[in-house]
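Here is a friendly walk through some local features of one protein model. Keep the structure open beside the text as you read.

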Amino acid sequence: MNHVNVKLTSMAKAAGCAAKLNPATLDAVLRKLPRQTDPNVLVGFDTNDDAGIYRLTDELALVQTVDFFTPIVDDPHLFGQIAAANALSDVYAMGGRPISSLSIVGFPENGDPEILEQIIRGGLSKMGEAKCSVIGGHSIRNEDMLFGYAVIGVVNPNRVWRNVGARAGDTLIFTKPLGTGVITTALKKDRAADESVAAVVAAMTTLNRAAAEALQEIENQSAASQTIHAVTDVTGFSLLGHAREMALGDPARGVEPVSLEIEHAAFDYFPGAIEAARDGHLSGGLKNNRAFIGECAVFDAGVSPEYQDLLFDPQTSGGLLAAVSPDAAAPVLAALQRHGVSAHRVGRVIAKRSPLILVH
């Protein structure tokens, strides 16, 4: 079998982060589980954060995450790169530095070994770019092809970014365009333009390291007070799904809920994304996100259906959403630009009210 002629996306029922479990199902299960009692668990699964944080000393903590999914593009080497970038993103979103990883592989018993080699090579190349050593892994026979990593990073426990902590008055800043889900869904149907696929692949294989370094640069310049109040990477639960988690806070740990106002026109969208949404290339994950978020997000009458869909669209290896103090917004955007990261102000944080999220 020649791997060049194999359409990997045709081998997956759902592509990339759109293959995640229904958020309603996951939320219902996690709510029933006991909270962590180990005082060294600084961040657990309680707020659906991007990664777990375990304190080793007063100055050192581990960042731990795991992420894997089904093929989102047809090229196996690119699939490996995207899976690696996506897994690494969770560490960057917590303010950490990835150091080691373990690969996770599910591959058909009669699959072409050359395809598997190219997937693993792609992952290794991106892990090498991140200076994150791959030190082992685990593989199983599986009808659906799966690939990803469990990643360990390090962070100062006093400099952890969480997906909660946004404060009224904060500016919301987002990196990377939106629309990976609708375009890759169109790709499965052979309806995606080459330009759209190329733009999406370029973004999905771009590490969030530069974006995180830009945020850290500004935070390190502010000795008086914290300027980066909350950060999350936007992946399978969509921009609005991850924004919802940011708004809900963590009252059990003294992080009160807030509300968000989001400007739909402030985002970049991949070329062809609006058309793909308008043409109905909507994944099951998008529909699950919309059902789960429900009345938490309300749209002004001027927000057309395709833009609403794109804000519910599952992203793979998406950008960082950050809530930063208003006086830090301009320096943060300038730092992101210096680091080669395109970013925009996309909204603001206000005091808690109903709805939780209002989209203009």
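Serine 238 is buried, since its relative accessible area is 0% (buried means under 20%, exposed over 50% and partly exposed in between, with a 1.4 Å probe and protein chains only). This serine sits in helix α7, where helices (H or I, at least four residues) and strands (E, at least two) are DSSP runs numbered from the N terminus. Although serine 238 is not a glycine, its phi is positive, at about 80 degrees. This is a predicted model, in which local features need pLDDT of at least 70 and side-chain atom pairs count only at pLDDT 80 or more, while totals for chains, interfaces and linings use all residues. Residues are numbered from 1 along each chain as its sequence is written, and side-chain values use heavy atoms, with hydrogens and water left out.

Lysine 176 also has a positive phi, near 70 degrees. Look for it in the loop between β7 (171-175) and α4 (180-188); with a relative accessible area of 15%, lysine 176 is buried. Most residues other than glycine have a negative phi, and most peptide bonds are trans. The bond from serine 354 to proline 355 is cis, with omega near 0 degrees, and proline 355 belongs to the loop between β12 (343-350) and β13 (357-359).

## Aromatic pairs

How many aromatic pairs does a search of the whole structure find? The search gives 7, where rings of Phe, Tyr and Trp (its six-membered ring) pair if their centres lie within 6.5 Å, and planes under 30 degrees apart count as stacked, over 60 as edge-to-face and the rest as tilted. The rings of phenylalanine 267 and tyrosine 269 have centres 6.4 Å apart and planes at 55 degrees, so this pair is tilted. Both partners are buried: phenylalanine 267 has 6% relative accessibility and tyrosine 269 has 16%.

Tyrosine 269 also pairs edge-to-face with tyrosine 307, at 5.2 Å centre to centre and 70 degrees between the planes. Because tyrosine 269 lies in the loop between β9 (259-262) and α8 (273-278) and tyrosine 307 in helix α10 (residues 305-312), the pair ties together parts that are 38 residues apart in sequence. Elsewhere, Phe69, Phe79, Phe147 and Tyr149 make up one aromatic cluster.

## The second largest pocket

The second largest pocket has a volume of about 400 Å³. On a 1 Å grid over the protein atoms alone, a pocket is an open set of points where a 1.4 Å probe fits, with protein on both sides within 12 Å along at least five of seven lines, and lining residues have an atom within 4 Å of a point. Grid points are joined across faces, edges and corners, and the volume is the space filled by probe spheres set on the points.

Of the 16 lining residues, Asp27, Arg31, Asp46, Thr47 and Asn48 lie nearest the pocket centre. The elements giving two or more residues to the lining are α1 (23-30) and α7 (238-248), and α7 gives the most, with 3 residues. The lining divides into 6 nonpolar, 3 polar and 7 charged residues (Ala, Val, Leu, Ile, Met, Phe, Trp, Tyr, Cys and Pro count as nonpolar, Asp, Glu, Lys and Arg as charged, and the others, Gly among them, as polar).
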